[in-house]
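Hi everyone, thanks for coming. I'd like to walk you through one model today, so please have a look at the screen.

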Amino acid sequence: MAFLITVFTLFSLFFGFEVYAVPYDYSYTLGCVAKPKPPQYYGGIAVNSEFNDELTGWAAVGNATIATAKSACGNSYAVVSNIHTPRSDGLSQAFNVDRDILYTVSAWFQVSVGEVPVQVKIVTSTGNQTANWIVAKAGCWTMLKGGFHVNVTETAELHFETNSTGFDMWVDSVSVQPFTQEEWTSHQAQSLEKVRKGKVRFEVVDPLENPVADAVVLIKQHEPHFPFGCDMNGLIVDNQAYQRWFLEKRFKYSVFENELKWGATEITQGVVNYTVPDAMLKFAKKHRITLRGHNILWDDPDYEPSWLATLSPVEKREAVLQRVKSVVNKYKGQFIHWDVINENMHYHSFSDLTNNGTDAFRLLRQLDPHPIPFLNEFNVIEDCSIQSKANPWQYLEKIDQLRKEGYRGPLGIGLQGHFNLEPNFPFIRASIDMLHATGLRIWITEFGVNAIGNPWLVQYVEPLLHELHAHPYVKGILVWGAVGSNNSQCFDMCWTDANYNNLPAGDAIDKFMSKFITVPDTNGKTDGSGTFEASLFHGEYEATVTLPDGAQPPAPLSFNLVPHGDVTVVKFKTP
């Protein structure tokens, strides 16, 4: 058994209890390397994870034959041959799984020739679930990272298999690490303390610098720093009830839902109308709301202007470049991000006309260097099946393709987050780990669950937002689908009904925000040394003091809590 834990970390949770937890490993090795790294978590519960004990604990699946080999640098690995049936013949290990446990998985792959998709999946009596998949290459090792959560407690099999035939598959450094729900939550708590919060020490002294004990310090948040917001649609321009609802939520980040898309602004060729987005921009600027630009182009042919179908390829390319110039020049300096070619891993209508999109990215940078150009895709963290067109590996490949095509400028990773199925939390966390290895900033751009089609998914709204917000590499979250008089106006998820009364999804989002974004007032009492310490989310605050004897208090103090690693000191001196 390769399950070896050398260090236990004690986390003190905000839920009021403590739990010993194996620390989560957020690392991922990008690229194809000469030698695989040791397995994460020393292999966890995987038996013989580095194949140093030949094939102990391992078995062939289907028609495959398995053996071990040793590389020139000395590491042992499994060799899977005679692969005749894709996604069937392969390598496996059996172990007990528990429905209440979350499992992270990692492994290293190489193939004897070419480049081949490989996957790891868990097989139980109720079905199969892909932990993740990558493309393995000949001549070097590539890391797969993922995870799973099963709905049964039984003996299951973890399968390592490919999507093709005619080669040998090599496997090494396998890890399967179980985490209890309490341990998983402790990782979130630790991450919040490290990347979203800061320590503040409040000091109260008298005119002679003597400490004042039992002074009550009231802390009021004015504005959170973490970018959390909601999309807005054109109804907000004239609907005062919609405006009040939006502003009462204290949203300081937003994005236009459809109003800036090409199909909405140039219905007739050559007749460009920005009236509605202009009015939405005016509202946003009046209330100091920061905006993302969505989108310059949308690669899905179903949503391009209908008149494009009448143009030749040359004319269509010219129209595409003109669209980029028009909308970017019109809104120069107004957005922090631009979704340049939306969903260009699922579709390729405009990418085919712009050298895989690089011409559009370059043109944006030439016209307006202020916003960060973003890729923006769905089913990256939502769907882990090998049939997915935009899984984390494909996202990494798209980034690499843009770089090889000559785009060297800044780039952002947009993960839409439209969940239509029960979420796989270990896969979500591992996928963000993989994408962070690029060093690019990551935003959740269109979060929602399909509460209209699957009302039971509402139960996952708060846990999903908590998982995404707690991930140290997520830099912002926008929720998609706000309010409307009928379901068709909310895409997958409505927060409220037509009278702005919360629906279940709205209750879940409000609950999340009150815990982690727009937090309520808090207070504490100074001790004998005249101090009181608190851990607060990064943001702008005001603190006031009430003295124990009812004496005149010092003036309120405002402070801006930003990440810096040190304790922020807020000192009050009584009159």
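Let me begin with how helices are compared here: axes are lines fitted to C-alpha atoms, for helices over the stretch in contact, and angles run from 0 to 180 degrees between N-to-C directions. Helices (H or I, at least four residues) and strands (E, at least two) are DSSP runs, numbered from the N terminus. A word on the source: this is a predicted model, where local features need pLDDT of at least 70 and side-chain atom pairs count only at pLDDT 80 or more, while totals for chains, interfaces and linings use all residues. Residues are numbered from 1 along each chain as its sequence is written, and side-chain values use heavy atoms, with hydrogens and water left out.

Helix 9 (residues 461-470) packs with helix 10 (residues 504-516) at about 35°, and their axes are 8 Å apart. This crossing is right-handed, a term that applies if the near helix is turned clockwise from the far one by less than a right angle, with left-handed for anticlockwise. Contact, by the way, means heavy atoms within 4.5 Å. On the helix 9 side we have V461, E462, L465, H466 and H469, and these meet A505, A508, I509, K511, F512, K515 and F516 of helix 10. By class, that contact has 7 nonpolar, 2 polar and 3 charged residues. For those classes, Ala, Val, Leu, Ile, Met, Phe, Trp, Tyr, Cys and Pro count as nonpolar, Asp, Glu, Lys and Arg as charged, and the others, Gly among them, as polar.

Next, another pair. The axes of helix 1 (residues 181-196) and helix 8 (residues 425-436) come within 12 Å and cross at roughly 35°, and this crossing is left-handed. Helix 1 brings W184, H187 and Q188 to the contact, and helix 8 brings F425, P426 and R429. Those divide into 3 nonpolar, 2 polar and 1 charged.

Staying in helix 1, we also find E183. Is E183 buried or exposed? Buried means under 20% relative accessible area, exposed over 50%, and partly exposed in between (1.4 Å probe, protein chains only). E183 has 11% relative accessibility, so this residue counts as buried. Its C-alpha atom is 9.4 Å from that of L102, 81 residues away along the chain.

On to the strands, which pair if DSSP finds at least two bridges between them. In strand 14 (residues 197-205), 7 of the 9 residues are buried. Strand 14 runs antiparallel to strand 28 (residues 531-537), with 7 bridges, and G198 stands opposite L536 there. Strand 14 also pairs with strand 31 (residues 568-573), in the parallel sense over 6 bridges, where V200 faces T568.

Strand 25 (residues 441-449) has 8 of its 9 residues buried, so it is largely enclosed by the rest of the structure. Strand 23 (residues 412-415) pairs with strand 25 in the parallel sense over 4 bridges, with I413 opposite I442.

Finally, the cores. A nonpolar core is a set of buried Ala, Val, Leu, Ile, Met, Phe, Trp, Tyr and Cys residues joined through side-chain atoms within 4.5 Å. The largest one has 163 residues, and F109, F160, F202 and F228 touch the most other members. Strand 8 (residues 101-111) gives the most to this core, with 8 residues. Apart from it lies another core of 7 residues, including Y253 and W480.
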